[in-house]
Amino acid sequence: MRIAWLALLVALPLRAETGWSVQGLPLISYSTDEGLGYGVRLQLVDHGTGQQQPYRYAVTAQFYQTTKRIAYHQLSIDAPGFLRSRNRFELELGWNIYKFFPYYGLGNSSRYEEQLDTCAERAALAADPDRCPGNPEFKGLRWYRYDQQTLPRVKLNLRRDLGGPWKLFAGYRFRLTRISPLYGADDLGQHDVSQFILDAQAGRLSGYDGSDPGRSFRRRTAELTAGLVYDSRDNEPEPTEGMFHEVSLRSGLKTLGGQFGYWGANTSLRFYHWLVFHDLVGAFRFLFDAAGGEVPFFLLQTTGGLSGPDGVGGDSSVRGLLADRLQGNVKLLINSELRWRFWSTAHFDFSAVAALDAGRVWREIGSADPGPMRLGGATGVRIAWNKTFVVRFDYGIGISEPFADGNLYITFDEVF
């Protein structure tokens with residue numbers, strides 16, 4: 001079970017209806033592999049005259065890391081009415097370290113076998129990381145993991161208001177990623193092979209052939225994206241009615257600094273409407289994403305669009321399923337939530353949530369790739385601060401895979 005929690009909420013000052021405000025939240029988390037996590041997220045918001053929605057400008061800074069060198073540092077700027085125009089400008093700069101990035105195999109038929117990477121006698125692995133007393137099927141504590149670090153990660157979006165709910169958007173993405181297939185003795189990593197290395201050696205992955213697994217390497221991607229958005233939500237961070245739909249295309253280009261030529265297409269449909277009374281809201285998301293060409297292995301869990309989730313499995317997609325459990329070039333994701341706002345104050349809204357999630361992937365376009373839809377359920381609580389800053393507490397349970405432990409997710413923003 002993965003556990004995380006958040007500490008003391010602070011503000012300097014609480015939001016006024018006009019002008020600037022500062023909002024902040026210290027972060028504390030814990031998980032077995034990632035260790036103790038700590039950090040802070042600060043948001044500087046300009047509400048303008050109070051008529052601009054959701055705000056005029058927002059600058060967000062996040063520092064987060066763990067004792068085992070997992071990190072999500074980022075700085076972002078969001079200007080919904082950039083320079084008093086009909087354009088929305090968004091820039092995000094990030095540094096991500098994912099020491100134990102999950103990879104369970106390619107496609108919907110990939111399997112997670114718990115005995116392969118589970119050892120009750122972890123102390124014995126310091127002497128021999130390839131053998132676990134009492135578990136003859138053990139292959140390595142990091143059998144389903146590899147080390148991934150991205151610096152820098154750049155995300156630039158520009159949206160153009162076409163009138164009413166319609167908007168065009170275009171964007172640029174760049175990332176420089178360093179990969180280490182194997183781990184050293186200090187990380188209790190097995191000596192020679194993993195699921196990731198086996199699939200690379202079998203020619204199933206683009207961007208790595210499995211050679212020299214003890215050596216780190218770097219890969220670059222540069223991507224252009226463009227699409228059309230329909231957005232009629234009444235409040236972007238915490239909608240109670242309206243819709244948000246988008247269709248987009250993306251292309252990985254070597255001419256802009258990348259090493260891979262690939263393409264992708266994304267369709268995302270989101271619906272929000274109050275049920276019976278205004279404090280009970282039904283929310284629904286349908287997402288389909290397909291990619292082809294030289295899609296590098298470290299993008300197999302990602303989706304396109306403005307704000308698509310990563311992977312099938314985890315807090316932003318199928319809650320209760322292992323994070324990034326399914327990876328492939330084609331993804332289908334369905335989420336539904338009931339959100340009941342049971343208490344409101346001058347600055348805070350408190351809501352209870354019940355959710356049902358489903359998803360699956362295909363290795364390639366046109367491949368049969370058998371296997372069921374993976375299901376997950378969740379219950380949770382939302383705390384919305386001045387309707388612009390949402391803290392999310394979810395407890396997810398995997399329904400379709402009985403080995404998947406329940407997970408407690410404590411993070412920011414609605415799932416969709």
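**Close-up 1. V276 sits in the loop between β12 (262–275) and β13 (277–293) of this predicted model.** Strands here are DSSP runs of E with at least two residues, numbered from the N terminus. V276 is exposed, with a relative accessible area of 77% (exposed means over 50%, buried under 20%, partly exposed in between, with a 1.4 Å probe and protein chains only). Residue numbers run from 1 along each chain as its sequence is written, and side-chain values use heavy atoms, with hydrogens and water left out. As for confidence, local features need pLDDT of at least 70 and side-chain atom pairs count only at pLDDT 80 or more, while totals for chains, interfaces and linings use all residues.

**Close-up 2. V276 again, now as part of a nonpolar surface patch.** A salt bridge, for the record, is a side-chain nitrogen of Lys or Arg within 4 Å of a carboxyl oxygen of Asp or Glu.

**Close-up 3. A disulfide ties C119 to C132, S to S 2.1 Å.** The rule is a pair of cysteine sulfur atoms within 2.5 Å, and the count comes to 1 disulfide. Both cysteines lie in the loop between β7 (87–102) and β8 (145–163), 13 residues apart. The link is right-handed, with 90° about the S-S bond. C119 is buried at 7% relative accessible area, and C132 is buried too, at 8%.

Note on methods. Patches are made of residues with over 30% relative accessible area and no salt bridge: like charges are joined within 9 Å, nonpolar side chains (Val, Leu, Ile, Met, Phe, Trp, Tyr) within 5 Å. Accessible areas come from the Shrake-Rupley method with a 1.4 Å probe; for residues, only the protein chains shown count as cover. Helices (H or I, at least four residues) and strands (E, at least two) are DSSP runs, numbered from the N terminus.
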